[in-house]
Amino acid sequence: MLDLKRQYAPLQQELLEAVGQVLETQQFILGEPVAAFEKAAAEQLGVAHALGCSSGTDALWLALAAAGIGPGDAVVTTPFSFFASVSAILRAGATAVLADIDPATFNLDPKAVDAILEGPRGQQVKAVLPVHLYGQPVASDFFRRIGPVHALTIVEDAAQAYGAELDGVKVGGLGQVAAFSFYPTKNLSAAGDAGMVTTNSDQIAERVKMLRQHGMRRRYHHDEIGWNARMDGFQGAILSVKLKYIAGWNNARRAVAERYHALFTAAGLAEAGPYPSCGIILPHEVAGGKHVWHQYVPSSPNAKLARKSTTLSRCTCRKPSNR
Ligand SMILES: Cc1ncc(COP(=O)(O)O)c(C=O)c1O
């Protein structure tokens with residue numbers, strides 16, 4: 001679906017120089033190239049700490065483990081995400097409890113989360129892991145209701161949402177700790193696997209640094225069983241180059257989304273939600289949110305219609321369903 005070469009072509013020279021610099025200095029794991037990226041990313045996202053690691057999946061595990069989530073704890077999350085949102089919870093030794101999503105945003109519905117917190121398993125819940133799916137930040141009523149009211153740790157899965165914002169705050173700084181993925185198809189992408197944890201907590205940051213290096217604070221002194229989850233120097237160098245362009249790329253995605261919206265609407269295909277009957281429900285931005293459109297996902301009741309726009313344009317039924 002995505003031609004990665006289109007982004008590479010105009011950056012080729014700059015990227016090759018950055019990679020060449022890593023070869024010159026031989027700083028292949030963490031080191032200066034990763035430290036420079038972490039500093040620039042923390043500044044851009046407005047957080048105290050950004051810590052590079054080996055993938056978005058590892059970032060989720062590091063975030064949970066560093067926040068003290070483990071055996072005996074339950075974490076509420078969404079069933080509508082990539083596998084890693086749940087597998088990282090299980091890998092941390094905790095139990096995943098699934099709450100339903102809001103069909104209008106595809107993100108966790110705060111009312112569904114509330115129902116779990118007030119139910120029989122509520123006491124066991126130590127954290128909530130919202131996913132900013134497709135680049136859309138979770139709506140502000142989620143952050144108003146869930147974190148402060150229930151004194152829970154919010155672990156953001158921001159894998160698809162680098163640069164997205166809610167009420168002027170960038171994702172990655174909305175909860176206590178957050179995980180990003182730089183998998184090659186993400187809006188900010190590495191040349192391989194890479195990820196990042198962000199937090200404003202000095203204590204969580206210190207634990208992430210320790211856990212990503214086999215639980216070491218001092219070389220060869222293993223305080224805990226961590227993991228090898230470090231970022232490569234090449235990835236740090238490449239990501240530092242791309243950080244300079246990400247705001248422009250996100251704005252270009254927003255312009256494309258606006259164009260889709262206008263064209264679908266002008267073609268008479270857009271329906272009122274929340275569930276489509278014959279046409280399609282267009283994705284929309286939550287109030288106060290800045291969507292970065294990692295993906296533009298309309299909903300249709302008919303998978304064939306969604307795949308074949310020619311068939312879609314022949315559909316004449318406009319009556320919304322009352323489901
Ligand atoms: C929502 C979400 N969470 C977690 C991940 C895991 O990231 P990675 O593939 O870098 O391990 C991804 C990406 O694939 C994702 O889309």
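**Exercise 1: A surface patch**

A nonpolar surface patch of about 420 Å² is made by M1, L2 and L4. The model is predicted: local features need pLDDT of at least 70, side-chain atom pairs count only at pLDDT 80 or more, and totals for chains, interfaces and linings use all residues. Residues are numbered from 1 along each chain as its sequence is written, and side-chain values use heavy atoms, with hydrogens and water left out.

Task: State in which segment M1 lies.

Solution. Nonpolar side chains (Val, Leu, Ile, Met, Phe, Trp, Tyr) are joined within 5 Å, like charges within 9 Å. Areas come from the Shrake-Rupley method with a 1.4 Å probe, and for residues only the protein chains shown count as cover. M1 is found in the segment before α1 (5-25); helices (H or I, at least four residues) and strands (E, at least two) are DSSP runs, numbered from the N terminus.

**Exercise 2: Strand β9**

Task: Determine which residues of β9 are buried on each side, and which residue of β9 is the bridge partner of A179.

Solution. Step one: five of the five residues in β9 (residues 195-199) are buried, that is, under 20% relative accessible area, with exposed being over 50% and partly exposed in between (1.4 Å probe, protein chains only). Step two: G195, V197 and T199 lie on one side, M196 and T198 on the other. Step three: β1 (residues 49-53) runs antiparallel to β9 and is joined to it by five bridges; two strands pair if DSSP finds at least two bridges between them. Here H49 stands opposite T199. Step four: β8 (residues 177-181) is also antiparallel to β9, again with five bridges, and A179 has V197 as its partner.

**Exercise 3: Two residues**

Task: Decide whether I101 is buried or exposed, and do likewise for S140.

Solution. I101 belongs to the loop between β3 (95-98) and α5 (110-118). Its relative accessible area is 17%, so I101 is buried. Beyond neighbours within four places in sequence, I101 has contacts (heavy atoms within 4.5 Å) that include T78, P79 and F80. S140, in helix α6 (residues 140-145), has 14% relative accessibility and therefore counts as buried.

Conventions. Patches are made of residues with over 30% relative accessible area and no salt bridge: like charges are joined within 9 Å, nonpolar side chains (Val, Leu, Ile, Met, Phe, Trp, Tyr) within 5 Å. A salt bridge is a side-chain nitrogen of Lys or Arg within 4 Å of a carboxyl oxygen of Asp or Glu.
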